[in-house]
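Visitor: Could you walk me through this one and tell me where the labels come from?

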Amino acid sequence: MRCVAWLCLRLAPFFLTCLAAVWLLTLSPFTDPILERSSDQLRLRLDAMMQREVTPAWLAAEAEAALQAEDLDRLSLTLDLSHEFGHDLPPNLLDRIEAFEAERSGPIERGLSCVRCAIDLRSCESLTQMGLCGVTVEMTPAGDLNAVRRAGFTYLEGESVDRLDLGLAVVGLGATTATMGTGGSSYTVKIATTFVRAARRVGTLTPALVRRLAALVQGAVKWDRMGDLVRLRIGPEAMVDTAKLDELSVIGGSLSGVARNTSAADAIALMKFVDGPRDAARLARVSDAAGPATRSRLEVLGKRRVFSAAVRLGDLAISAAAALGLLAAQVAGFIGQQLGNRLWRYLRRLLRPRQRPLP
């Protein structure tokens, strides 16, 4: 009886762990082990990561690099981070920043620069200027018509036309016409074409997204009817197969959310972190949590770290993995103990001195 009780006590931890592991597995913990953090959780997580990265030395180095490159956006971002995290820049560096900003703040220069930015986004000196002067025009049919004008002059000069830029302009004009007729059902397509075309102009469109959208636009635009459009025999909406624009509409919906949480100019700048609809949706989720600070988080921490911070392992999956690990450790310990006992008995027999027979 004592032996049975002793054996039960000895095996009880193993059986309890086994039962716990089996029960957790019946709950299907690995069906959906990765969960999205809530907006509050993600914001706190990103803030903690930024606290470790943004140091006085890092800020001084960033400000110096921005001055050397005459990069207004990088300089503005560095100053915002300095204020946000309470790190003062060296006085001599602040004097140089003030002098640099004074050179760019003349009213005549600002007015002329704004006009240049509205005509060509590549001439915009900063994201703030792009938002005030350039994107405002791009969001209207005037931006699409300007893209068609560029394509026309390029064609007349005998050079190769950017079919993606032209195709997006045609889709944008068609979406604008359709929006006026349907009460806004094509609005997200118009948003997507505006942001994508603007990102292409300023160089923030990733090669992966360029390839993806080039194939999409090539199939959606009826290029064989371009002559009828030029002769005004048909409207731009007749040039587009809307059934093939679902992916563009999804991207547009996500970018609309990013623009609401940050700004239109930030949404265009942040497209360098978007390779497809999934990245656009992740970017929208991050912007829901970080708000206007979205760009600073992505610029400092990088795309992989920020998008990874948006998800976590579920508690049930962690518990199941821990139970299985404990069970495996107990089984390995039991097998190791049995092998050790056998080896010990064998060595004792091997090393035991042999008794000589009495004479």
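Guide: Here is a helix pair, then a pocket. This is a predicted model, where local features need pLDDT of at least 70, side-chain atom pairs count only at pLDDT 80 or more, and totals for chains, interfaces and linings use all residues. Residues are numbered from 1 along each chain as its sequence is written, and side-chain values use heavy atoms, with hydrogens and water left out.

Visitor: Why is α8 called oblique to α10?

Guide: Helix α8 (residues 141-156) and helix α10 (residues 187-202) pack at about 50°, their axes 11 Å apart. Under 35 degrees counts as roughly parallel, over 145 as roughly antiparallel, 65 to 115 as roughly perpendicular, and the rest as oblique, so α8 is oblique to α10.

Visitor: Which residues make the contact?

Guide: Contact means heavy atoms within 4.5 Å. From α8 come Gly143, Asp144, Ala147 and Arg150, and from α10 come Lys190, Arg197 and Arg201.

Visitor: What makes up that contact of α8 with α10 by class?

Guide: Five charged residues, one polar and one nonpolar. Asp, Glu, Lys and Arg count as charged; Ala, Val, Leu, Ile, Met, Phe, Trp, Tyr, Cys and Pro as nonpolar; the others, Gly among them, as polar.

Visitor: How much space lies in the largest pocket?

Guide: About 660 Å³, the volume being the space filled by probe spheres set on the grid points. A pocket is an open set of points on a 1 Å grid, where a 1.4 Å probe fits, with protein on both sides within 12 Å along at least five of seven lines; lining residues have an atom within 4 Å of a point. Of the 31 lining residues, Asp73, Ser76, Ser126, Leu127 and Thr128 are the closest to the centre of the largest pocket.

Visitor: Which element gives the most to that lining?

Guide: α4, with nine residues.

Note on methods:
Axes fitted to C-alpha atoms, helices over the stretch in contact; angles between N-to-C directions. Helix = DSSP H or I, 4+ residues; strand = E, 2+ residues; numbered from the N terminus.
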